[in-house]
Amino acid sequence: MYLNTHSYYSLKYGTIALEALLQLAFQYNITAMALTDINNTSANLDFVRLASKYHIKPVLGVDFRNGAQQQFVMLAKNNEALQQLNKYLSEFLHSNKIEIPKRAKYIPDTYVIYPYQNTLMELEENEFMGVKPSDLNLLKFSEWRFYQEKLVVLKTVSFQHKKGFNTHRLLRAIDNNVLLSKLPKSEQGEASDMMISEKALKNMFEEYPQIIENTQRILDNCHIDFDFSKNAPKNQKTYSNNSALDFKLLKKLAYDGLNYRYKKLGKRVFVRLEKELEMIQQKQFVSYFLINWKILKYARSKKYYYVGRGSGANSLVAYLLRITDVDPIELDLYFERFINLYRINPPDFDLDFSWRDRDDVMNFIFNRFKNTSLIAVYNTFKYRASVRELGKVFGLPKEEIDKLSIGNFNPNELDDLSKLVLVYSKYIQGFPNYLGIHPGGILISEKPIDYYTATYLPPKGFSTTMFDMVVAEDIGLYKFDILSQRGLGKIREAVDIVKYNHPNHPDIDIHDIKRFKEDSKIKYLLKNAKAIACFYVESPAMRMLLKKLQVDNYLGLVAASSVIRPGVAKSGMMREYILRYRNPERRKEANPILLKIMPETFGVMVYQEDVIKVAHHFGGLSLGEADMLRRGMSGKFRSREEFLKVKSQFFENCKNQGHSYELTSEIWRQIESFAGYAFAKGHSASYAVESYQSLFLKAYYPLEYLVATLNNFGGFYQPEYYVHEARMNGGIIHPPTINKSYYQNHIEGNAIYLGFMMLESFEIKNATKIVNERNKNGLFLDLDDFIERVAISLEQLSILIKINAFRFTGRNKRELLWEAYMKVNKVCLETHVSTLFKSEKIVYNTPQLSCSQFEDAFDEIQYLGFPLCSPFDLLIQPIHQQLLANDLVHYIGKMVRVYGYYVTTKRVSTSKGDFMYFGNFVDVKGAHLDTVHFPPAAKKYPFKGRGVYELTGKVVEEFDCITVEIEKMEKLAIIQDPRYADIPKKVMV
């Protein structure tokens, strides 16, 4: 009897989670129900998948509304009608503004139900008038009572209970951006829009048996069915419209790739190749490989850099097709991790492109393949953001909202409104708020996308599904990952910069990874952790791990890339791996079975493959059961559930094999720690390839590479630190200047001219004007020449003057500001004396004004975000005879006082739930200084943002890494901003 039910995917309207809605219907003995979310189909597939669990027949439709105003409800009789219905909704969602008409378009095999109105309207055969229980009194006196064959029950369900209705009103207020007290009735549902038993609903309509019969007939006539068995992928089935030709092409491409990839071919390669080809054909993944190959063939034709990674990097076929650059034979990559008979979904190929190239690749995919769409993500209400939203809805003052959002309050002192904000913020936490876009997921389907869902059009202009990747995989649609990565942009741009800054140098073959692996300079950078700006190896944590492992080779870096992941670190096996790596004697303590399974990692589980190997060989699990663990490790599923499914079997098998319960428990604990966090070995190897490319550039062309890093918006650190690193590598840093700078940062020799892009509040259009005018008519002579040639506002010109962009004139910036103010505002500073040939210009002098170096520093802080001088120069009290970072090795176990400029911190939670921090600073010479802040010190001496700190603590050494365990920390005062004060005064920090 329910033709109009909403889940909370009726965004900012419905308040019932999908399973809660089905549970509610089950409790009321409802056997058929239509899900009709408002202008949304996000929950449709999950509704069909879960309905059988609750013995409910699923019917699908859409509640078409303008805001909260219902125009009509449409229901699909079958899958074909649903496809047309999805297409119809998509037409509205792809427009700039959703405007639903009063009458629905005719779509075969659909039912249309209009909200009840007193006046008669002419209805088509498939159209009906929906009567709510609240309309029954009006119906008694309406002419509609003589046309009951066109009436149906329209009992709307949007919430479970009164709290759900209150939540609904709050969501509507958020959506309308109004106070709750100002929310109009027209923008909210009725308090009675809750589910009741079918019997109770029929009793309400007992005077109108025909209406009940009409409603039941509609439910009986609707039949929706989707295949959730995943027996075969629903992706595009063939590449060439012929599966036999597809396999022939795949085999040809693979064999053609042998000569490109290998100088010497052995039997092992051919055996592995034939084994893979057979499995790929058997699992119907041929088109999946060919589509990835086609995408990357296009990328290569455009000379785009890319990296293929993911579990697919374990595949020899992928290597031969140039989808990946990782040789699975060289690395002995575990074939069964890549693919096995029990694996239903195709292997992951994460294809990374430069952020500059990715959109063009996406355009190619959408143009080349017929049924293509991006995948949505559900952006949910987060607790702190909800506190802010609801605080506004209740009309709380900003100060109160701030306190509530950061938890800075005494619960016993809160008023009733504040308490309600907290209660309902927790209640709506996790509710879907709006649809976003998956970072790189694309579907290429055999059937049209609207067979499964309606689509919407985000700002980038690519059609996007209304469900996420988990729902897609439930139906057998597996995504292609086309990702954007700044690291590749840095590498590509660095190569171009080297070309113009070193025109006589030979061209760089950035893909010559084999040479890079043997390069002594790269080995030095790795071993000594001098890898700032290099992909994946620049963070403080990775830098310290490389030092602890003394990594100087490719395989060591591959392992380190995975060891750093939370699963390995959390299990305690990262420390054990380091110990076994450094001390061969300790390897003898490893369990002999595990050591035999994983000799390369000394019996320590490091990769996803290791978990599968241990589960299969140590725990006796079948490959099918081991595949459950693989899915659990992927992070796409509720990983704990996947692990628990095979836990009892693992323990039973280990017991039968004679393993002790203690050993089995410890191994299982390690396995569980991998849930959602582990890397496949091929994935780590792909990362290591890109790391080597960036390490090569950092080793031989550090300044060019750091300029490219800044132009691609950095990496792990803030831009300031990359400027610092450039200076440490011999770069001479210049602020933006009108005669040298471009929009991006630019290098000439070892002189780096910061680009206009670095300036806060400086407009791109003005940067373009400056560069275009300079290229067209030559360098600017002085301020007058600039003002005459470039139309620019006084505010924008002031930024250029304050950042010293006119320093080539040799004039004081304050004088230039005075002159700019007069001239841009058309104040006459000059008179003209008529002569026979030309008007002679007489210029009156502006006042003589002074400007200090410190003033430059504060202007730089304002417009660049950091000073170009040493931050230690800005301290009120200069530091004398300070201890440096490189001296600490001589003070192990002793208390010291050191000084460092803040770079970054990492916050972690202890087992007790307290917070501790790992700090990273640089000393006055620019060397790294690492600190550990345990909870007591972290609470007593918190970080206070960027600046120079006095650090007091104990020097500790572990695996050749020196850290200071902080007992006291104080941020040092800097001089008062001289732009606003004549005498430097102490600044409060």
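Patches are made of residues with over 30% relative accessible area and no salt bridge, like charges being joined within 9 Å and nonpolar side chains (Val, Leu, Ile, Met, Phe, Trp, Tyr) within 5 Å; a salt bridge is a side-chain nitrogen of Lys or Arg within 4 Å of a carboxyl oxygen of Asp or Glu. The model shown is predicted, with local features needing pLDDT of at least 70 and side-chain atom pairs counting only at pLDDT 80 or more, while totals for chains, interfaces and linings use all residues. Residues are numbered from 1 along each chain as its sequence is written, and side-chain values use heavy atoms, with hydrogens and water left out.

**View A. A nonpolar patch on the surface is formed by Leu120, Phe146 and Tyr147.** Together these residues have about 310 Å² of accessible area (Shrake-Rupley method, 1.4 Å probe, with only the protein chains shown counting as cover for residues). Leu120 lies in the loop between strand 5 (110-115) and strand 6 (127-131), where strands (E, at least two residues) and helices (H or I, at least four) are DSSP runs numbered from the N terminus. With a relative accessible area of 38%, Leu120 is partly exposed (buried means under 20%, exposed over 50%, partly exposed in between; 1.4 Å probe, protein chains only).

**View B. The loop between helix 20 (520-527) and helix 21 (540-549) holds Ala533.** Most residues other than glycine have a negative phi. Ala533, although not a glycine, has a positive phi of about 85 degrees, and Ala533 is buried at 0% relative accessibility. Tyr536 is placed in the loop between helix 20 and helix 21; its phi is positive, about 70 degrees, and at 25% relative accessibility Tyr536 counts as partly exposed.

**View C. Cys534 is buried, at 0% relative accessibility.** The structure holds zero disulfides (pairs of cysteine sulfur atoms within 2.5 Å).

**View D. Helix 31 (residues 702-711) is largely enclosed by the rest of the structure, because ten of its ten residues are buried.** These buried residues, among them Pro702, Tyr705 and Asn711, pack against helix 18 (486-501), helix 30 (681-700), helix 32 (719-728), strand 17 (746-748) and strand 18 (751-753). Helix 31 is followed by Phe713, whose phi is positive, near 65 degrees.

**View E. Over residues 827-842 the pLDDT stays under 50.** For this stretch the model has 21 contacts beyond four places in sequence (heavy atoms within 4.5 Å), pLDDT being the predictor's confidence in each residue, from 0 to 100.
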